[in-house]
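Subject: Structure handover

Hi,

Here is the structure we talked about. Please load it first, then read the notes below.

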Amino acid sequence: MNGREEAFLPFETLKKEKIMKKRLFGCFALAAFLFTLPAFATEKVITMSTTTSTQASGLLDVLLPEFTKDTGIAVRVMAKGTGAALKDGMDGNADILFVHDLKREKKFVEEGYGTKRYAVMYNDFILVGPKGDTICKNAASIAEAMKAIAESRLPFVSRGDDSGTHAREKELWMASGLALNASHEPEKGGGWYFSIGQGMGEALVFAQEKNGYVLSDRGTYLQYKYGRKDGYTLEIVYEGDELLKNPYGVIPVNPQKHSHVRFDLADTFARWLVSERGQQVIGAYQLHGNPLFFPDARKE
Amino acid sequence: MNLYSLEGVQQILGGRRVLDLEKLELEENKSYALLGPNGSGKTTLLHILAFLSPPAHGRVFFRGKAVDWKEKALTPLRRRVVLVEQHPILFTDTVLKNVSYGPKMRGLSFSAQKKIAEESLELVGMGEFGPRPALYLSGGEVQRVALARALACQPEVLLFDEPTASVDVENARRIEALILKIRKERGISIIFSTHRRLEALLLADEQIFLSHGSKIMESHENIFSGTLVQRGERHFFLTEEGVEIAVHTDLCGPARLWIHPEKINLFSRKPSGFEPETSLFPGRVLRISAERGKMTVLVDMGLPLYVRISRERLAASGILPGDRVSLGFCKEAFSVEKKPESL
Amino acid sequence: MEFFSQSLAEALSMILSMDQKLYAIIWLSLYVSFFATLFAAILGVPAGFGLAVASFKGKRAVITLVNTLLALPTVVIGLFAYAFLSRSGSLGFLGWLYTPKAIIIGQVILILPWVISLTLTAVSRIDLRYRRTALTLGATAFFASLAVLREARFGILAAVIAAFGRAIAEIGIAMMLGGNIKGFTRTMTTAMALEHNKGEFVLAVALGLVLLLVSLGMNILLQLAQGRYGERV
């Protein structure tokens, strides 16, 4: 009886030991996990708010991996309209902005939301319209072309979403000398002027449905024209005007406004973009055989 | 000509044959009681008689004409008879609107609808309830409104499914009185189902017994269905009518009780010093008749009980119809049998 | 939080000052969803009723199908209707794409299964005895159905109101089929999405408030209707 008990005891303690070990291991695993959490948080990541055009054009897919390779900093991208992107910057929801609305970008920096605007690159806007168009193709300038559309009351699709493209469209209307309303839209727009408040792709599709005109950035247009299975019928009806130039800037969000932003990392990204290396990557990027962005860093 | 003739009528519900009538004839200007326990096919038969559900097999004749069970042909027939369900439902509307529904469906003018509805409500003693929402009536009131609503249809035949089963005693008496009154005043044929034999005796000219969907001939004299329960040492038989009788048995569960009509003692007043072995019940004499040289006394003791007694003894007791009496049972009076499981 | 309360205050003043832009959007939303609900009710209530009372082969399959369609995402409906209404689609000649008509069509598709399913439930809940009672009192089959429909009226009304709520709160269809054209097909939800995209929240918050108010109003209406006859739903 006794012997049996003795034989039993070591087994019991062995079991206990095993349980203890398991528990210890559990505690250790938990601790390790907790320690790695801040490690995750301190990993080098920045959040960038940008316009849809940079993402839709595919540039970021080439640009960001190169940057991460060089610096080890990862970039999380939120693509939206320039207005919303700027709002993100003001609210501290992004560390850096990559947008194309020179006026508002300057205002953003002046108001202290951003530290500095770096001129990065430019691309250009184009006027897209129906195949048979002649009035725009024969126009002397983009302003004349816009005026001709308005006077013929041909369908014109406006982004209407406060995006950079929308802002540019308004400037072109102003240049056209037409009578405009308070929001810089043609005054007699009823029936032909469609302000749809949607992205570039939606606007292009909309214009095709209406067989009308739309101001587009070249990248998105090329993507729709050559990047899709079902072809896009509208063509470029005007391009090359100085007024259609579209400069992109990058602005790190000011850490004095929002202390939590990763200014150092963001600034590193901005400086990399305007460096020779960054500029070279941008210049080499092509979409469907067409160069899309032109390095612009020397300007400022 | 018969009011209804049913030939080989069968009804099958949920794959089960719930009604199987070789032949059933119901005469004009009579009142019939359909008797039988739950599930004996009473409601099913009433639905056929009301032209609400076609039988699976067989033919039904109404006043000599075969019933065509096509939906279109049924509406004119349905307008000649009306069914009051066991648990009548009233439309979510006022009482008056409910009662005038039948006249309205018959295309009567608005004023005629209103007049008939008000008269009908008056007849059931609910003349003042017209403008009230039907939703807030008590069970007995609902039953009476349903009756008024049926009467407003001015039917040739009034069909009732258990008119008193789900109301209190007071309302049950009222409804019984109403049915008698309608019979007398309007000459409407009435067919109603019930499981109260007393009610059947009181209201009907003829009784039809149903068991498992078939008509049976026996009158079930003094045979009662119910449940055997054990309380402490003693066993009781609970009848469907709710009467409780102490019996000597070892059985429990659904059972049938037969009370031997010749082994019942009848007392004109409560006897003193009666043997404790005997059960004693109060009752009232409904009817006395002579039968095969013996007197048959029908006593209401919550259920109808036939007592067979010699002419001499009855004369000696001086009992007359309407008298209050006491009934004494010795244990030999009872025989209990368990209900077969399959039934 | 401060940002939100500020937006809320501005939104309230916008609502109270009868801002024309705001009310045009609200009006369009109400208009479109009202007609979508109307058409869905005209089609769906009889369908739901028929489905509840009829017995035919494959009834269960039809009910399963309807219940499956309840989960139809708005974007799927948008895509589907777009394929038909687009200039290259079979209904393109109508020229309805990017008009309120297109939104109405899409929303009808969206809420029709809801109206059918909820009507079916409401009618199924009504006791069989209502129909039988109407019949024995001399009603024709049609009037008996009407009596049952009448008993189910609050359930059906609730179904229609729920459908309206879903129509007015959806965005996918209004965006894809309406195109969010300013002053023409811009509804409350597409306007909210746009304002958010633009980074401007005042109008969005105001519209959000109005959406809540509309839903509150519909529910009060339902309660009032039910109150007339007590607790029956």
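The model is predicted. I start with chain B.

**Sheet in chain B**

Four strands of chain B make an open, antiparallel sheet, ordered β2-β1-β4-β5. Its edges are β2 (16-26) and β5 (65-66) of chain B, and each of these pairs on one side only. Inside the sheet, β1 (residues 4-13) and β4 (residues 57-62) of chain B run antiparallel and are joined by five bridges. In that region B:Glu7 sits opposite B:Arg59 of β4(B). Helix α1 (residues 42-49) of chain B packs on this sheet and touches β1, β2 and β4 of chain B. The direction of α1 makes about 125 degrees with that of β1(B).

**Hairpin in chain B**

Further along, β12(B) and β13(B) form a hairpin, with four residues between the two strands. In the turn, B:Gly242 has a positive phi of about 95 degrees. Strand β12 (residues 234-239) of chain B runs antiparallel to β13(B), and four bridges join them. B:Leu238 stands opposite B:Glu244 of β13(B).

Which residues of β13 (residues 244-247) of chain B lie on the covered face? They are B:Ile245 and B:Val247. B:Glu244 and B:Ala246 are on the uncovered face. In a regular strand, side chains alternate between the two faces of the sheet.

**Cores**

The largest nonpolar core has 201 residues. The members that touch the most others are A:Ile96, A:Leu127, A:Val128, B:Leu159, C:Ile111 and C:Val115. Helix α5 (residues 100-125) of chain C gives this core its largest share, 16 residues. There is also a second, separate core of 19 residues. Among its members are B:Phe237, B:Ile245, B:Val247 and B:Leu305.

A:Val128 deserves a look. Leaving out residues up to four places away in sequence, its contacts include A:Leu204, A:Tyr213, A:Leu234 and A:Val237. A:Ser216 and A:Glu235 are also among the residues that A:Val128 touches.

**Contacts of chain C**

How many residues of chain C are in contact with chain B? The count is 18 from chain C, against 20 residues of chain B. On the chain C side, α6 (128-136) and α7 (141-151) are the elements that give two or more residues. The largest share, six residues, comes from α6(C). By class, this side of chain C has eight nonpolar, five polar and five charged residues.

The contact between chains C and A takes 14 residues from chain C and 16 from chain A. Here the chain C side has four nonpolar, six polar and four charged residues.

Best wishes

How values were computed: Residues are numbered from 1 along each chain as its sequence is written. Chains are lettered from A and ligands numbered from 1 in the order in which they are written. This is a predicted model: local features need pLDDT of at least 70, side-chain atom pairs count only at pLDDT 80 or more; totals for chains, interfaces and linings use all residues. Two residues are in contact if their C-beta atoms, placed from the backbone, lie within 7 Å. Ala, Val, Leu, Ile, Met, Phe, Trp, Tyr, Cys and Pro count as nonpolar, Asp, Glu, Lys and Arg as charged, and the others, Gly among them, as polar. A nonpolar core is a set of buried Ala, Val, Leu, Ile, Met, Phe, Trp, Tyr and Cys residues joined through C-beta atoms within 7 Å. A residue is buried if 20 or more other C-beta atoms lie within 10 Å of its own, exposed if 12 or fewer, and partly exposed in between; C-beta atoms are placed from the backbone. Two strands pair if DSSP finds at least two bridges between them. Axes are lines fitted to C-alpha atoms, for helices over the stretch in contact, and angles run from 0 to 180 degrees between N-to-C directions.
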